[in-house]
Protein chains: 6
Amino acid sequence: MANFGNMYGPKFTFLGIGECDLDDPKTYQGADVIIIGAPIDSGTSHRSGAKFGPQAIRGGDYLPHDGERPHMALRTDGLKDLKVLDAGDLLMPGGDLKKSLEMLAVATEKISRAGIIPVILGGDHSIASADVAGIAAHRGLGKISMIHFDAHADTGDSQFGALEGHGTPMRRLIESGAVRGDKFLQLGLRGYWPGDQTLKWMRDQGMRSYEMTEIHHRGLNVVLDESFATLTDQCDGVFLSVDIDVVDPGMAPGTGTPEPGGMTSRELLEAVRRICLELPVVGIDVVEVAPAFDSADITAILANRVVLEALSAIAKRKSGKPYSPTQNLLDR
Amino acid sequence: MANFGNMYGPKFTFLGIGECDLDDPKTYQGADVIIIGAPIDSGTSHRSGAKFGPQAIRGGDYLPHDGERPHMALRTDGLKDLKVLDAGDLLMPGGDLKKSLEMLAVATEKISRAGIIPVILGGDHSIASADVAGIAAHRGLGKISMIHFDAHADTGDSQFGALEGHGTPMRRLIESGAVRGDKFLQLGLRGYWPGDQTLKWMRDQGMRSYEMTEIHHRGLNVVLDESFATLTDQCDGVFLSVDIDVVDPGMAPGTGTPEPGGMTSRELLEAVRRICLELPVVGIDVVEVAPAFDSADITAILANRVVLEALSAIAKRKSGKPYSPTQNLLDR
Amino acid sequence: MANFGNMYGPKFTFLGIGECDLDDPKTYQGADVIIIGAPIDSGTSHRSGAKFGPQAIRGGDYLPHDGERPHMALRTDGLKDLKVLDAGDLLMPGGDLKKSLEMLAVATEKISRAGIIPVILGGDHSIASADVAGIAAHRGLGKISMIHFDAHADTGDSQFGALEGHGTPMRRLIESGAVRGDKFLQLGLRGYWPGDQTLKWMRDQGMRSYEMTEIHHRGLNVVLDESFATLTDQCDGVFLSVDIDVVDPGMAPGTGTPEPGGMTSRELLEAVRRICLELPVVGIDVVEVAPAFDSADITAILANRVVLEALSAIAKRKSGKPYSPTQNLLDR
Amino acid sequence: MANFGNMYGPKFTFLGIGECDLDDPKTYQGADVIIIGAPIDSGTSHRSGAKFGPQAIRGGDYLPHDGERPHMALRTDGLKDLKVLDAGDLLMPGGDLKKSLEMLAVATEKISRAGIIPVILGGDHSIASADVAGIAAHRGLGKISMIHFDAHADTGDSQFGALEGHGTPMRRLIESGAVRGDKFLQLGLRGYWPGDQTLKWMRDQGMRSYEMTEIHHRGLNVVLDESFATLTDQCDGVFLSVDIDVVDPGMAPGTGTPEPGGMTSRELLEAVRRICLELPVVGIDVVEVAPAFDSADITAILANRVVLEALSAIAKRKSGKPYSPTQNLLDR
Amino acid sequence: MANFGNMYGPKFTFLGIGECDLDDPKTYQGADVIIIGAPIDSGTSHRSGAKFGPQAIRGGDYLPHDGERPHMALRTDGLKDLKVLDAGDLLMPGGDLKKSLEMLAVATEKISRAGIIPVILGGDHSIASADVAGIAAHRGLGKISMIHFDAHADTGDSQFGALEGHGTPMRRLIESGAVRGDKFLQLGLRGYWPGDQTLKWMRDQGMRSYEMTEIHHRGLNVVLDESFATLTDQCDGVFLSVDIDVVDPGMAPGTGTPEPGGMTSRELLEAVRRICLELPVVGIDVVEVAPAFDSADITAILANRVVLEALSAIAKRKSGKPYSPTQNLLDR
Amino acid sequence: MANFGNMYGPKFTFLGIGECDLDDPKTYQGADVIIIGAPIDSGTSHRSGAKFGPQAIRGGDYLPHDGERPHMALRTDGLKDLKVLDAGDLLMPGGDLKKSLEMLAVATEKISRAGIIPVILGGDHSIASADVAGIAAHRGLGKISMIHFDAHADTGDSQFGALEGHGTPMRRLIESGAVRGDKFLQLGLRGYWPGDQTLKWMRDQGMRSYEMTEIHHRGLNVVLDESFATLTDQCDGVFLSVDIDVVDPGMAPGTGTPEPGGMTSRELLEAVRRICLELPVVGIDVVEVAPAFDSADITAILANRVVLEALSAIAKRKSGKPYSPTQNLLDR
């Protein structure tokens with residue numbers, strides 16, 4: 001399996017954690033989580049640049065890159081209390097998106113079969129069609145549910161005449177049976193796409209899609225409560241897909257298709273924490289960070305924090321220790 | 001009437017809609033809405049740049065510029081369910097602000113008399129003194145009320161010794177009788193201007209001005225509820241004026257006089273939707289977008305969405321179909 | 001005492017107010033507040049640039065720099081109803097941080113002894129160890145309490161092997177007795193620093209530290225209510241320290257160690273207002289504004305507004321007039 | 001043939017010239033030049049973003065977009081004295097680079113067969129392998145020579161394991177016989193790529209490659225003189241390929257693989273003028289403009305000027321009128 | 001006469017020199033040079049922003065703002081060996097360009113009549129029509145010659161239908177007789193404006209306009225040599241007008257109408273030095289610095305250096321001491 | 001000896017070369033060159049940010065970071081034909097500049113004693129006082145000569161009252177005898193600092209300082225020819241110190257004290273090549289790269305190329321093979 005270090009720019013790991021080689025199982029024996037980069041942006045329908053996302057997310061932090069990150073609120077260290085390794089970037093040339101995606105599916109299947117949670121750093125959202133498919137190939141079609149944060153439904157039938165693209169991955173996953181439509185939850189949708197026909201298709205699949213107005217009026221926690229039962233019923237694992245554009249462009253400008261009116265970063269971090277504390281997460285991707293459009297790296301740093309929030313909460317869940325968000329930090 | 005295509009840069013229409021020529025009524029027969037650019041920034045008291053606002057707002061969208069925009073939440077298409085045309089920019093040289101504003105008033109009066117809603121893309125806020133005046137010239141002095149989103153009251157007596165300027169348009173409209181002071185609603189005010197004397201003048205006119213602290217403590221919907229009765233009583237139309245600086249500079253940096261502590265973009269979009277769903281809007285302007293200070297075009301895209309939100313809600317209102325913000329997207 | 005005008009760039013005062021010379025008491029006789037710049041950033045652990053903070057905060061405003069700022073909501077003018085002077089920047093070379101901090105402590109002690117409130121414009125947060133110490137030297141160890149807005153606790157034992165640095169000032173203040181640990185309140189903490197050992201030390205001192213999740217779930221006003229009694233019990237003055245990174249990087253990108261998930265600027269301004277209205281503030285610093293990373297100056301303008309909000313509220317408190325945040329602006 | 005208007009963003013033509021439809025020969029009858037966009041960047045080996053090049057080059061001008069551009073020095077109007085039309089962008093999705101390039105080759109062959117000079121706006125340099133091939137398909141293998149401005153030789157054997165990519169087009173053209181190696185001239189090379197093996201291959205083909213040091217020491221005009229005879233001997237047309245990164249990154253930062261030490265923009269413009277005045281140019285591409293990395297649009301404007309310089313000189317050459325660079329402007 | 005301090009932003013003088021009040025002759029008695037800001041940009045035909053030019057030029061320097069600047073090569077101090085004062089900005093609102101220009105003409109006439117050289121910081125180039133006219137009103141029509149650095153001829157008949165604008169000032173000056181056409185020298189012209197008719201008018205006036213190609217081929221010093229005799233014959237003073245866009249946009253991006261292919265900053269500085277050393281300069285303006293488009297302030301700093309270069313050379317000329325550019329610095 | 005990996009941000013080596021540990025001689029046995037970072041900027045007199053220089057220079061390249069760089073013009077590989085290792089950054093906290101510099105001197109002495117050329121990546125120019133001193137401590141006072149590219153002489157007596165600072169290192173080196181004044185060559189000086197007294201001191205030391213005007217008029221190669229004999233007479237090694245601000249800010253904006261009118265990047269690269277081909281270079285530093293002010297990383301990439309140019313030429317010199325700049329690339 002082609003493992004190319006970091007495909008663009010200097011080679012370093014996520015915040016200084018250890019590295020592993022997907023072609024050499026010894027190097028990742030006993031790991032809980034493997035981080036892997038999917039540096040491709042030829043699936044974008046507008047601004048490119050997300051191929052530099054993995055690099056930016058790995059390095060997006062002002063603290064020493066020492067492989068430690070004690071989480072202040074959860075009082076756990078997602079990088080130390082779990083064994084987390086970085087496999088570098090897959091070699092995913094943009095010119096042949098289909099082939100690059102196939103390689104990614106092979107990689108996540110391999111990681112999943114080893115009993116390890118893959119965390120994929122995108123890249124544009126076309127990668128979700130592959131990274132989730134790889135895990136489903138291991139766990140069984142329809143056996144994992146999906147919780148998907150995004151401004152966009154990504155359920156297009158095709159994009160520029162092709163099946164692959166960042167507007168279509170969720171359609172591909174449901175069509176292939178990898179994820180059942182009625183086990184597919186979306187949060188943060190808004191804006192002017194897709195049109196009626198696609199929305200009808202989504203309803204027909206039994207999807208549950210919350211757009212921002214509903215979240216604004218009903219509250220994010222109410223919406224999450226409503227969904228959690230569904231996600232675990234008949235499924236034994238949950239995949240968390242975070243398109244950074246779910247956050248308002250004011251707080252996350254470094255992305256390719258910014259849609260105003262999104263969540264705050266606080267809301268996203270709180271939601272990710274709850275999901276990873278309460279649900280059996282089996283894979284994560286964080287996508288659509290395009291550093292060329294960022295301002296002072298704030299989007300990259302936010303994406304880095306989404307990964308850390310997830311890892312910290314997974315570690316906390318594993319520890320079995322209690323957590324209350326209203327308890328004072330120094331009393332925990 | 002001078003119609004100059006787009007005054008600065010390439011010529012294209014708002015998201016690819018059809019164009020019309022204000023000098024040729026045949027070209028806009030049957031239209032519901034005409035979009036027109038007012039590319040002037042010599043009314044600014046600080047940073048200039050808003051003359052590129054019309055260009056930036058027309059093009060601020062990552063979706064195909066194909067003249068269609070199905071609104072996900074409202075399930076209507078503001079560009080298709082209404083007949084919306086773009087008349088290009090008026091030729092408004094900055095060096096003679098007064099004359100340029102007079103031309104704008106002529107244009108909005110003409111559009112209004114044709115039974116069409118003008119949507120004016122600024123430009124700095126000095127244009128409001130003209131675009132509203134033009135509509136009032138058609139509908140009658142005091143017959144339209146005003147709902148005005150802004151960090152600033154814009155009720156100055158004069159600016160640098162002149163009557164025209166982006167700090168004075170609301171004073172001009174009330175003084176001329178175009179809009180009655182007690183039918184003038186302001187939301188989002190904050191900061192350190194104007195001083196006591198002007199505030200006293202505002203109170204004497206019967207204006208209703210909500211600053212951010214009050215909105216923060218009482219809630220935006222409460223404030224809107226309180227106002228809607230007033231706005232339609234004794235008036236047969238409402239003008240909606242949106243200064244993009246009503247939004248916090250963190251989310252809308254691309255503007256000339258940024259005042260911290262503003263609304264979120266989500267709040268502005270929700271408010272615009274409610275207004276256009278519930279009130280008889282007869283004209284709209286969206287002003288003070290200054291692309292040179294923007295970050296990744298997020299302010300321009302937000303202003304584009306304000307226009308689309310308004311058009312979508314007007315189309316929804318026209319359709320007479322019900323809408324509930326808490327109903328799930330896929331159940332609508 | 002070295003008084004160097006503005007250390008970097010052109011010399012001008014905070015929004016055009018009068019200037020004074022710390023070496024010449026006549027020049028600040030009768031003053032209520034003295035603003036002073038502490039232009040140093042060699043205490044940073046990551047991005048430098050905060051040494052340009054004083055310059056950026058002084059000038060971060062689009063209104064005329066005329067020494068007047070009527071506060072719209074409070075109906076008072078913090079620059080006119082108080083006597084506020086600008087002493088320029090202290091000469092604080094970065095190469096000898098310790099010596100530079102000593103000079104700052106001398107300056108704030110001098111100002112405090114003159115019965116004047118010092119407002120220090122940073123500079124990185126290392127300056128807090130000195131500016132608070134100077135005031136405590138006048139008022140007595142343990143006689144002032146501290147309310148500290150920050151993403152970070154700043155209670156590190158050492159930084160790069162040194163006692164000085166922007167990660168350690170709060171430790172220094174408690175260790176020296178300048179501020180009692182149980183009179184030390186922190187708001188806005190989040191992220192991945194410090195680790196357990198330091199948190200234990202903080203608990204042992206009796207500190208009260210609210211991280212963002214707790215504030216998010218319990219509400220900012222609830223948290224403030226809980227704290228105010230403590231702050232004034234047994235202390236006769238409160239120092240307010242605002243690290244601008246307490247605000248979400250989306251709204252305040254111009255800082256050195258941005259941690260996602262922070263307060264909105266609205267929340268910070270409301271909190272500062274309440275504190276200065278309700279508590280006997282004896283000193284203020286506003287730190288960590290790094291203009292090189294800012295976007296359209298929005299962070300600098302926000303910091304300017306934090307200073308003005310504080311001064312306006314102090315003036316209001318001094319006036320003894322009532323204020324209700326839910327009363328309409330034009331009824332006040 | 002797929003003609004998609006402008007693939008990304010608003011639709012408008014190069015500086016307001018007329019448009020044509022490649023599928024409808026009537027629309028471009030009698031044209032001298034057709035401009036066409038090739039908006040693809042999945043051939044890049046590093047920063048993407050060049051897919052926005054066509055848009056940026058078309059609109060990169062502060063003058064009115066009125067389809068006129070009188071050249072001050074040449075006293076001719078490249079847009080009026082020639083018939084120049086804009087065919088919009090080809091639909092070139094990034095995910096299937098090979099297929100997209102094939103479409104481009106079909107387009108340039110079609111234009112060339114109609115006796116019209118195609119001017120292709122890239123896009124990354126992978127497009128040269130197709131746009132030149134299309135012309136060669138019409139004019140005959142080996143019948144056109146190549147003059148290529150670039151920091152890089154672009155003669156790689158493969159890129160990320162694929163034949164297509166912006167590092168390989170010149171190899172493809174020579175291998176296929178489209179252009180003879182000994183009729184292939186390169187100017188402006190520098191830096192650290194390719195290695196010995198590729199350089200040997202280049203020498204073996206009889207290529208003539210001038211790196212910047214040689215140009216710096218011998219002079220650009222000397223080098224051009226030396227080459228012109230070769231270019232027209234045994235060939236009946238010359239293709240001009242301009243990678244904007246031939247210019248120093250200081251003057252053209254908006255590109256994906258910036259290599260310091262390049263030409264000044266003045267030198268490039270003078271060279272382009274000479275070439276189009278003195279040689280029978282049959283096609284042109286201008287590539288690697290990546291707006292996301294630009295500063296105040298200076299790179300896009302430079303690329304726009306390269307196109308205009310070429311068109312103006314072609315018009316001048318066609319007019320048969322004399323031109324001397326040392327004669328005063330007002331004496332011409 | 002209205003003197004408004006600095007019209008936009010904080011008040012400070014050019015590099016810390018003393019200030020004067022144009023309404024109070026005592027304050028500028030004995031001065032050699034008065035610097036005055038003309039902060040207006042409503043004469044622009046494209047990007048605005050030059051109204052912040054005076055502020056940016058005054059402060060564009062990393063050295064202490066202490067009113068001293070020893071010129072390394074000339075071994076003179078333009079700010080100390082001459083008496084140079086800063087009169088602040090004129091109050092020039094953009095909305096009435098004509099009136100604002102009239103005020104400027106009054107100011108420069110006043111300064112000139114006092115025997116002082118006015119140095120005007122623009123603002124857009126429309127100001128030249130006024131600042132030169134003011135000096136000519138004092139010295140007599142046709143008695144001063146003009147040396148004008150610019151990418152553009154600025155000899156348009158009208159702009160957007162008005163006589164005022166940054167495309168027309170040189171026409172106005174010649175038409176009014178303020179400057180004789182045959183005493184009007186232009187350097188650095190290039191690009192695609194104006195057209196034949198205007199060029200014919202320029203030739204008819206006897207103007208001498210050097211475009212970049214001629215300068216490139218003949219050499220800047222040759223061109224300057226050719227011109228100097230003309231400039232002083234029959235005239236007793238020379239006005240130097242520097243539009244910063246004469247420099248290549250790569251080196252001076254912060255301007256409104258950037259035209260590629262310009263001079264280097266080194267060339268401009270050398271030319272300004274020679275002019276002020278060898279000719280009797282009676283006025284200077286430096287225009288079209290638009291900070292919003294600048295990169296790291298390099299354009300503002302360059303403009304600051306143009307002013308200093310001129311003042312230093314004027315001081316050197318006044319001293320009568322010899323200067324040789326090839327003599328070593330430490331031997332001077 | 002403290003070796004801290006990379007002090008700020010992710011850890012990686014210069015373009016992927018091998019790493020070594022200064023505390024473990026085995027790790028650098030047989031090395032020709034050791035690269036080491038000196039990430040400090042508290043010696044700056046204006047903008048900070050250079051502490052991120054080492055990181056930016058190491059990673060400033062679009063080619064794969066694979067530890068190879070075949071130089072196209074010289075036909076040698078500076079990273080392969082020499083043994084080059086990266087020792088990471090020294091731990092140099094900004095708050096105690098003096099102590100940090102002492103550590104650097106120890107490091108370069110150690111490297112030099114091991115017979116290895118140190119290449120120091122700054123950091124601000126204060127580091128030169130230490131890195132050169134360290135080498136001189138090994139080779140003997142006055143035994144190495146200095147060739148120094150800079151806009152500034154850096155010969156100040158003190159800075160903000162301290163001996164250390166980026167304005168004083170050259171004074172320190174001469175005063176201490178580390179480098180003889182008459183063996184100290186400077187190129188590229190310009191601007192308005194220092195004043196007469198310091199220039200007199202420089203002359204008294206026998207320094208040879210070429211400012212830009214002299215270079216402009218006499219030619220860079222002439223000036224270099226004149227100097228080379230001096231540099232090697234009585235000295236057995238040459239230290240090359242490159243302050244990136246020697247290049248015009250237009251081409252190298254990412255620096256702290258930009259002075260217009262500098263060299264082009266082409267000129268700097270050619271000069272560095274000649275120096276390293278013709279002189280016995282024993283140490284190099286490249287300083288004052290401040291990424292926060294850069295545009296598209298062009299300054300960092302230029303600094304990276306300065307290092308590579310030097311290494312390539314050292315390798316070429318070592319190989320003993322001939323080189324002619326006018327010979328064609330493919331004939332070499």
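Which residues does C:I34 touch, not counting residues up to four places away in sequence? C:I34 touches C:C20, C:Y28, C:L85, C:A87, C:I111, C:I116 and C:P118. The model is a predicted one, and its confidence values are given first.

**Confidence**
- Chain A has a mean pLDDT of 96, and 99% of its residues reach 70 or more.
- For the complex, the predictor reports an ipTM of 0.97 and a pTM of 0.98.

**Nonpolar core**
- The largest nonpolar core holds 681 residues.
- Within this core, the residues that touch the most other members are B:I34, C:I34, D:I34, E:I34 and F:I34.

**Strand β1 of chain B**
- Strand β1 of chain B covers residues 33–38; six of its six residues are buried, so the strand is largely enclosed by the rest of the structure.
- In a regular strand, side chains alternate between the two faces of the sheet.
- Both faces of β1(B) are covered: one side carries B:V33, B:I35 and B:G37, the other B:I34, B:I36 and B:A38, and all of these are buried.
- Strand β1(B) runs parallel to strand β4 (residues 84–89) of chain B, to which four bridges join it.
- The bridge partner of B:I34 in β4(B) is B:L85.
- Strand β5 (residues 117–122) of chain B also runs parallel to β1(B), and six bridges join the two.
- In β5(B), the residue opposite B:G37 is B:L121.

**The sheet of chain C**
- Chain C contains an open sheet of eight strands with parallel pairing, in the order β4-β1-β5-β10-β9-β6-β7-β8.
- Its edge strands are β4 (84–89) and β8 (208–211), each of which pairs on one side only.
- From one strand to the next, the twist averages 15°.
- Six bridges link strand β9 (residues 237–243) of chain C with strand β10 (residues 281–287) of chain C, and this pair is parallel.
- C:V238 has C:V281 as its bridge partner in β10(C).

**Helix packing on the sheet**
- Helix α9 of chain C, residues 298–319, packs on the sheet.
- The strands of chain C that helix α9 touches are β1 (33–38), β4, β5 (117–122), β9 and β10.
- The direction of helix α9 makes about 170° with that of β10(C).

Note on methods: Residues are numbered from 1 along each chain as its sequence is written. Chains are lettered from A and ligands numbered from 1 in the order in which they are written. This is a predicted model: local features need pLDDT of at least 70, side-chain atom pairs count only at pLDDT 80 or more; totals for chains, interfaces and linings use all residues. pLDDT is the predictor's confidence in each residue, from 0 to 100. A residue is buried if 20 or more other C-beta atoms lie within 10 Å of its own, exposed if 12 or fewer, and partly exposed in between; C-beta atoms are placed from the backbone. Two strands pair if DSSP finds at least two bridges between them. Axes are lines fitted to C-alpha atoms, for helices over the stretch in contact, and angles run from 0 to 180 degrees between N-to-C directions. Two residues are in contact if their C-beta atoms, placed from the backbone, lie within 7 Å. A nonpolar core is a set of buried Ala, Val, Leu, Ile, Met, Phe, Trp, Tyr and Cys residues joined through C-beta atoms within 7 Å.
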